[in-house]
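I opened the notebook to record what I looked up in this structure. The entries follow the order in which I checked things.

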Amino acid sequence: MQEKKISIIIPTFNRAWCIQNAIRSVKQQDYKNWELWIIDDGSTDKTKKIVKKHLNDKIKYLYKKILESFHP
């Protein structure tokens, strides 16, 4: 019987200082049938650069540019 695939989602915004540790933590788990989605809400630091080093068939990255500002 094949293990069920789980999806792990990491939301991020300007977290270059810790995103690599989060990715490594997922990769080091004993359970191996997973996919990781990193959802970036428009980071302006080096988050994107760090994440791109880890991309493969199991690790996906979605980047959302900030398109508009909301003011009351």
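I began with the contacts of Ile19, leaving out residues up to four places away in sequence. Ile19 touches Ile10, Thr12, Ile38, Thr47, Ile50 and Val51, where contact means heavy atoms within 4.5 Å.

I noted the basis of these entries: this is a predicted model, in which local features need pLDDT of at least 70, side-chain atom pairs count only at pLDDT 80 or more, and totals for chains, interfaces and linings use all residues. Residues are numbered from 1 along each chain as its sequence is written, and side-chain values use heavy atoms, with hydrogens and water left out.

Next I looked up Ile10, which lies in strand 1. Helices (H or I, at least four residues) and strands (E, at least two) are DSSP runs, numbered from the N terminus. Ile10 counts as buried because its relative accessibility is 15%; buried means under 20% relative accessible area, exposed over 50%, and partly exposed in between, with a 1.4 Å probe and protein chains only. With residues up to four places away in sequence again left out, Ile10 touches Ile19, Ala22, Val26, Leu36, Trp37, Ile38 and Ile39. I also took the C-alpha to C-alpha distance from Ile10 to Lys65, which is 17 Å for 55 residues of sequence separation.

Which residues make up the largest nonpolar core? I listed 12: Ile10, Ala16, Ile19, Ile23, Val26, Trp34, Leu36, Ile38, Ile50, Val51, Ile59 and Tyr61. Such a core is a set of buried Ala, Val, Leu, Ile, Met, Phe, Trp, Tyr and Cys residues joined through side-chain atoms within 4.5 Å. Helix 1, strand 2, helix 2 and strand 3 each supply at least two residues of this core, and helix 1 gives the largest share, 4 residues. In soluble globular proteins, nonpolar side chains tend to be buried together.

I then went through the fold. I counted 2 helices and 3 strands in the chain, in the pattern β-α-β-α-β along the sequence. Strand 1 (residues 6-12) runs parallel to strand 2, joined by 7 bridges; two strands pair if DSSP finds at least two bridges between them. Thr12 stands opposite Asp40 in strand 2. Strand 2 also pairs with strand 3 (residues 59-63), in the parallel sense over 5 bridges, and here Ile39 stands opposite Leu62. Strand 2 (residues 34-40) is largely enclosed by the rest of the structure, because 5 of its 7 residues are buried.

I checked the hand of both crossovers. Strand 1, helix 1 (residues 16-27) and strand 2 make a right-handed β-α-β unit, as do strand 2, helix 2 (residues 47-52) and strand 3. Right-handed means that, with the strands pointing away from the viewer, the path from the first strand over the helix to the second runs clockwise.

In the loop between strand 1 and helix 1 I stopped at Asn14. Its phi is near 50°, a positive value in a residue other than glycine. Most residues other than glycine have a negative phi. Asn14 counts as partly exposed, because its relative accessibility is 21%.

Last, I took values for the whole chain. Buried residues make up 28% of the 72 residues. The C-alpha atoms fill a box of roughly 55 × 25 × 20 Å along the principal axes.
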